[in-house]
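Trainee: I have just opened this one and would like to go through it with you. Could we take it piece by piece?

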Amino acid sequence: MTAVNYEIKEGVALVTFQNPPVNGMSHALRLGIVQAVDKAEADPSVQSMVLTGSQSAFSGGADVTEFGTPKVLQQPILRAVIEALEQCEKPVVAAIQGVCLGGGLELAMGAHYRIAKADAQIGLPEVKLGLLPGAGGTQRLPRALGLEKALEMITSGTIVRAKTLADSNLLDRVVEDDLIAAAIAFAQELAVNKAPLKRLRDLQVTSQTDAQTLLQTVREKLQASSKNFPAPVKCLETVQASIDMPFEQGLAFERQLFLGLMSSPESQALRHIFAAERAALKIPDIPADTPLREIKQVAVIGAGTMGGGIAMNFLNIGLPVVMLEMKQEALDRGVATIRRNYENTMKKGRLTAEQVEQRMGLLSTTLSYDDLAQADLIIEAVFEEMGVKKAVFTELDRVAKPGAILASNTSTLDVDQIADFTKRPEDVIGLHFFSPANVMQLLEIVRGAKTAKDVLATSIQIGRKIGKKPVVSGVCDGFIGNRMLYPYRVAADQLVLAGASPSQVDKALENFGMAMGPYRVGDLAGLDIGWAIRKRKAAENPSVPYEPVIADKLCEAGRYGQKTGMGWYKYEAGNRQPIVDPVVEQIIDDFRKAKGIEPRQFSEAEIVQRCLYALVNEGAKILEEGIALRASDIDVVYLYGYGFPAYRGGPMNYAQQVGLFNVVRSMQRYARESADAAAFWQVAPLLAKHTESGEPLK
Ligand code: NAD
């Protein structure tokens, strides 16, 4: 297939882009368009031109497969193609349906006229990747739509329907159906009427209010709302240039700022995550055309914290859910919580009363396993005990229909062992949701040793349907996310033991960009959970002398976190704001004294490095063991499950940005502090290998 299809229809050259799935502006397509322009200009039987894409995409913008390759810069680059359209001596009409985004919209703005289907999706979303439109979009869109609308679209990246932009210089016509016929008729009309060749570049930017005042107000707003993202303010500055500078100078200014953003770490991180999310959906040994199992009915076992949230995900997309519990009261409580959640959303205006009832109407409850016989997907979220999981999966094996997917939401238990409680381990998989399960976007999909390929492929697909970011993990204690969290927390505890305060550690990590520091997270989740686990593990290994940690002392003092009004911090009734508590400082001080530790000072940078490098080191082990398929999968886990800042692109990407060499050197320095430190800071072999070779972690 050539990149463009060229045909002549009653004096009109119809040029159709052919670069599925979204007509990304590949080199072949760019060249094809310029060649089509040349051909049409040279052909006396052609009076005008129509450029169009597929029904679903005029063009989605840059071709992501060319990112990082020389093809991006190979002539004709997009700016040259746009210029070729503007300079064409015969009228060029862009006929837009489906998506028309980024470079696609910039191209369309190079045509003399534009016609669009009412529901076409129009936007310049570059800002979401930390960039700005770099092929004239910031100069042409304000000329086409006026300052206010263009500024809003470019700085937010919002995508709007074509019908909302009718009656503007952007869209000359908006049609409900048969776009191509309408576009050809329009092109013929233009030729017959010898219509002028309109170029957006020749227009003046209009503004409904005082432009400079508006720009200043928006600038202040953006500076406050996007502290860690340079792109929105740069977008504003380029739009400002469309007013303050002549067109060509504005273009040059846009180019300069575009290149600056392209090489910024924030944009690199956002582009990395964009690619990472897509890569995470591809599993090397599972072909894209693997037949999927149909999911029409879902069952959830356990109506507690997780079960209720999990059920909501499926109700939200219109799938019926049956929820099973041991006691009617537990079911009633679970259903009431779901209803309350929906009603809260309704109060915020994001659901109508009718929608709430629709969703609740899809939910049924039962105390009997026999009622799960029709479910295509069954997810258990019962207590985290192997004995309970065994009882549940034995029952499921009895009642579930052949081909039903049996999933566990376990956080720590061995999915392979759970699978072996059934006679169909190939149907068993881990679906690890994060709390609150109706909100958190991460879904770790735990692939057991015997999990069937179609079960995995179906789980990924259903994960996407419910709006999650699925990442596949192998079986190990804690899977990807929680396993990495453990050394991160140990590193934080080491800092506190050595002299830092919990609030100092939290503040350093929050300034780095983490949504919440580890001690605030601890207080939120409850310190008693970890305490119980430590006590259980100690009881299981009586021969190993137990080394108490500071958190034990807090729990012994009844400080379980927010639920008891005090933990690492204290809290005022009804307020989640942590308050530094001198009592905790005293407990920590006593603990250090008992161990003969002389407290020392840590800089914010060192706190961040120690915690982050512990995270990265475990990530490298996870990668080496094949628990994660790619370094970028780990980044997706941390972004969507653990509040890692998007503008750093996840822990593994951050390590690359810092340089693996520097990461390893710091770890080696910490390792020299003591025998315990040497054991903790042992560099993961994979990290050492990549540091030596200079190859990035993949
Ligand atoms: P929870 O205690 O809030 O809820 C568990 C529910 O399961 C209770 O309502 C209980 O009555 C019910 N239950 C127990 N045994 C049952 C049985 N045999 N049959 C039917 N119902 C039964 O617990 P949770 O926090 O929702 O955790 C559930 C699972 O999800 C655990 O495996 C946990 O590790 C996992 N998980 C929890 C979180 C979290 O943050 N809470 C996050 C990820 C995964």
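Trainee: How many bridges join β4 to strand β6, and how do the two run?

Mentor: Two bridges join β4 to β6 (residues 99-101), and these strands run parallel; strands are DSSP runs of E with at least two residues, numbered from the N terminus, and two of them pair if DSSP finds at least two bridges between them. This is a predicted model, in which local features need pLDDT of at least 70 and side-chain atom pairs count only at pLDDT 80 or more, while totals for chains, interfaces and linings use all residues. Residues are numbered from 1 along each chain as its sequence is written, and side-chain values use heavy atoms, with hydrogens and water left out.

Trainee: And which residue does alanine 57 stand opposite?

Mentor: Alanine 57 faces valine 99 in β6.

Trainee: What order do the strands of the open sheet take?

Mentor: The four strands follow the order β4-β6-β8-β9, with mixed pairing. β4 (57-59) and β9 (160-161) are at the edges with a single partner strand each, so one side of each has no neighbour in the sheet.

Trainee: Switching to helices, at what angle do α12 and α13 pack?

Mentor: Helix α12 (residues 328-347) and helix α13 (residues 353-361) pack at about 155 degrees with their axes 10 Å apart, where axes are lines fitted to C-alpha atoms over the stretch in contact and angles run from 0 to 180 degrees between N-to-C directions. They are therefore roughly antiparallel, the word for angles over 145 degrees.

Trainee: Which residues in α12 meet α13?

Mentor: Among them are Val335, Ile338 and Tyr342, contact meaning heavy atoms within 4.5 Å.

Conventions. Parallel < 35°, antiparallel > 145°, perpendicular 65-115°, else oblique.
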